[in-house]
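Colleague: Thanks for making time for me today. Could you walk me through this structure?

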Amino acid sequence: MKWSDIYAQTDGPLISCEFFPPKTDKGEQNLWRCLNDLKAIKPAYVSVTYGAGGSTQDRTQRIVTRIKDETGLSPIAHLTCVGSTQQQLRALLDAYRAAGIENILALRGDPPEGMSRFEVVQGGFAHATDLIDFIRAQNGFCIGCATYPEGHPESPNGVADDIRYLKMKQDLGAEYAITQYFFDNERYFRFLDQAEKQGVHIPVIPGIMPITNFDQIERFSAMCGATIPDWLRNRMQPIRGDLDEVKRLGIEIATRQCQQLLDAGVAGLHFYTLNKAEATIAIVNALTR
Ligand SMILES: Cc1cc2nc3c(=O)[nH]c(=O)nc-3n(C[C@H](O)[C@H](O)[C@H](O)COP(=O)(O)OP(=O)(O)OC[C@H]3O[C@@H](n4cnc5c(N)ncnc54)[C@H](O)[C@@H]3O)c2cc1C
């Protein structure tokens with residue numbers, strides 16, 4: 001089912017979960033187990049990220065198709081501009097259409113491992129805006145996009161640029177946006193307010209990162225520009241070596257964050273699961289909707 005139909009037909013906020021395509025058979029078995037466990041919280045849809053090259057990209061297509069055919073969950077396929085010509089992108093979209101996949105999250109993408117910056121391939125696209133325009137012209141897909149309440153690390157004018165490009169993504173055909181994760185809801189609320197003033201009216205769904213390993217979150221946050229507030233660092237710092245305690249506190253913090261977002265009337269909560277079900281299930285079960 002298209003994201004737009006799911007949104008129209010769902011009462012209350014959409015709970016969704018994001019996964020990455022594993023590289024090994026063991027990782028893949030874990031993913032299917034995780035998807036199965038997450039059915040308990042009835043996600044409105046699940047999304048699968050798109051890697052930076054060759055076989056990871058094939059895995060996204062295979063996993064998204066299996067989710068649709070075998071799990072009863074509604075999948076969204078992430079798609080990026082990295083390493084692909086328009087011809088290759090068209091072929092992939094044709095394959096998705098033939099397989100009945102109707103939802104694409106259109107992104108520029110991160111540079112492949114070992115490369116410090118994104119490079120446009122000849123005959124490819126430089127920005128998510130170009131990809132959105134291209135997908136819309138292929139007809140039949142409901143398109144989502146990414147956005148950054150704290151500003152994308154490459155945006156010279158910070159949040160102002162991201163709002164401008166979010167508006168452009170909307171005008172080109174994106175029907176919703178999912179944010180980079182953040183820990184300070186005030187930044188998201190401010191972003192939303194400014195975006196609305198600039199004419200953004202599509203749902204901007206907050207991305208939620210439950211912390212289960214603080215070292216990992218510090219690494220991710222340094223790369224993607226998400227701020228770790230002092231209060232959060234101060235609470236995690238003394239227990240960072242004890243993963244059970246980190247998980248317990250991570251669930252407590254994310255539950256409080258999500259409840260405040262729900263109370264403010266957000267359109268949904270998108271969980272970055274990192275292919276683990278436990279924290280997301282605990283958080284969703286603790287929420288009052
Ligand atoms: C919800 C979500 C899911 C993600 N999934 C994946 C994934 O599956 N695979 C993956 O590789 N990465 C993924 N990412 C990471 C994402 O690819 C990176 O953040 C990437 O660096 C930017 O992607 P984008 O689509 O936001 O790019 P863009 O919107 O193109 O933005 C990239 C930079 O270019 C600028 N810009 C945007 N449009 C224009 C324009 N028209 N002209 C000039 N400048 C412009 C922006 O200000 C920004 O600094 C995801 C991120 C999020 C938030």
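Modeller: Happy to! Axes here are lines fitted to C-alpha atoms, for helices over the stretch in contact, and angles run from 0 to 180 degrees between N-to-C directions. Helices (H or I, at least four residues) and strands (E, at least two) are DSSP runs, numbered from the N terminus. This is a predicted model, in which local features need pLDDT of at least 70, side-chain atom pairs count only at pLDDT 80 or more, and totals for chains, interfaces and linings use all residues. Residues are numbered from 1 along each chain as its sequence is written.

Colleague: Are α4 and α5 parallel or oblique to each other?

Modeller: Helix α4 (residues 86–98) packs on α5 at an angle of about 45°, with the axes 11 Å apart. Angles under 35 degrees count as roughly parallel, over 145 as roughly antiparallel, 65 to 115 as roughly perpendicular and the rest as oblique. The two helices are therefore oblique.

Colleague: Which residues of α5 make that contact with α4?

Modeller: Contact means that C-beta atoms, placed from the backbone, lie within 7 Å. On the α4 side we find Gln86, Leu89, Arg90 and Leu93. Their partners in α5 are Phe134, Ile135 and Gln138.

Colleague: And how is α5 oriented relative to α6?

Modeller: The axes of α5 (residues 128–138) and α6 (residues 159–172) come within 9 Å and cross at roughly 10°. That angle makes α5, relative to α6, roughly parallel.

Colleague: Which residues touch the most other members of the largest nonpolar core?

Modeller: A nonpolar core is a set of buried Ala, Val, Leu, Ile, Met, Phe, Trp, Tyr and Cys residues joined through C-beta atoms within 7 Å. The largest one has 77 residues. Those touching the most other members are Ala106, Ile143, Cys145 and Ala177.

Colleague: Is Val46 buried or exposed?

Modeller: Val46 is found in strand β2 (residues 45–48). A residue is buried if 20 or more other C-beta atoms lie within 10 Å of its own, exposed if 12 or fewer, and partly exposed in between, with C-beta atoms placed from the backbone. Because Val46 has 23 other C-beta atoms within 10 Å, Val46 is buried.

Colleague: How far apart in space are Val46 and Ala95?

Modeller: In sequence, Val46 and Ala95 are 49 residues apart. In space, C-alpha to C-alpha, the distance between Val46 and Ala95 is 19 Å.

Terms used: Two residues are in contact if their C-beta atoms, placed from the backbone, lie within 7 Å.
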